[in-house]
Amino acid sequence: MDSLYVVVAAGAMTAGFVQGLSGFGFGMVAMSFWAWAVDPKLAAAMAVFGALTGQLLAAFTVRRGFALGRLLPFIAGGLVGIPLGVRLLPHLDPLLFKAFIGGLLAIWCPIMLFAARLPRIAVGGRLADAAVGAVGGIMGGIGGFTGVIPTLWCTLRGFDRDVQRAVIQNFNLSMLIVTMASYVFTGLVTREMLPLFAVIVPAMLVPTLWGTRVYVGISDLAFRRVVLGLLTISGLALLASSLPGLLA
């Protein structure tokens, strides 16, 4: 089998499990595999496609904690941010792209690991939620990273595990539908990508469903440590691969 397809399948399997377990993170985990072998624009389209597929699977298996009123401000902001992210995508430099994703993972994930010790944010209300949703939308337009900042924000808001997952899972699903439609409309998704899309779906199917089953029974502490530990390692690997080229 072509090595590219092996890398794509491995990334989809690992990212599918993480997304099924946490409700977010497909794009970040997949990119830690794909950024080594796939052009950033192609990898971004693949990440959005895989994340959307995983969210559709997860939406039908984990439904606890859903509250429409809590979700709508995030979605409203995200719809504003997506077009900005899509416009930025064609202008990305490959090394900077990898460094940005790696740095984001390496900094954000340890912060989230100790988020229980951070003060709870109670100010800003729905306007602040919408602003955070807009940032998530911009990152979604760039490559399917819609859940990064909103997840940190929900943790700082003090949402419990089920409410946080419901917000992030349904926010991601909404943003990814719009992002994927934008990619198709602007020509970022081409026929040449379809064989790789066909690899992603079967590779991630079982791991995603397995992740949702693990989520139901796992403790809050173990849930946080497993996911964020994996993402931290992925971020450090991306930084290690991109910084030498940037420094040169």
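Two residues are in contact when heavy atoms lie within 4.5 Å. By that criterion, residues 24 or more positions apart supply 85% of the contacts in the protein chain with a separation of 6 or more. The model is predicted, so that local features need pLDDT of at least 70 and side-chain atom pairs count only at pLDDT 80 or more, whereas totals for chains, interfaces and linings use all residues. Residues are numbered from 1 along each chain as its sequence is written, and side-chain values use heavy atoms, with hydrogens and water left out.

The protein chain contains 10 helices and zero strands, where helices (H or I, at least four residues) and strands (E, at least two) are DSSP runs numbered from the N terminus. Its radius of gyration, taken over C-alpha atoms, is 17 Å, close to the 18 Å that the globule rule (2.2 Å times the number of residues to the power 0.38) gives for 248 residues, so the chain is as compact as a globular protein of that length. The C-alpha trace spans about 45 × 35 × 35 Å along its principal axes. Of the 248 residues, 55% count as buried, that is, under 20% relative accessible area, with exposed meaning over 50% and partly exposed lying in between (1.4 Å probe, protein chains only).

Helix α7 (residues 148-157) has nine of its 10 residues buried, so this helix is largely enclosed by the rest of the structure. Among the buried residues of α7 are Thr151, Trp153, Cys154 and Thr155. The helix is followed by Gly158, whose phi is positive, near 85°. Gln164, in helix α8 (residues 161-185), is itself buried at a relative accessible area of 12%. Leaving aside neighbours within four places in sequence, Gln164 is in contact with Thr151, Cys154, Thr155 and Phe159.

The whole structure holds four aromatic pairs, defined for rings of Phe, Tyr and Trp (its six-membered ring) with centres within 6.5 Å; planes under 30 degrees apart count as stacked, over 60 as edge-to-face and the rest as tilted. One of them, Phe17 with Trp210, is tilted, at 4.7 Å centre to centre and 45° between the planes. Phe17 lies in helix α1 (residues 3-22) and Trp210 in helix α9 (residues 194-217), so this pair ties together parts 193 residues apart in sequence. Trp210 is exposed, with a relative accessible area of 52%. The rings of Phe49 and Phe197 have centres 4.3 Å apart and planes at 5°, so they are stacked. Because Phe49 lies in helix α3 (residues 40-59) and Phe197 in helix α9, that pair ties together parts 148 residues apart in sequence. Phe197 counts as buried at 7% relative accessibility.
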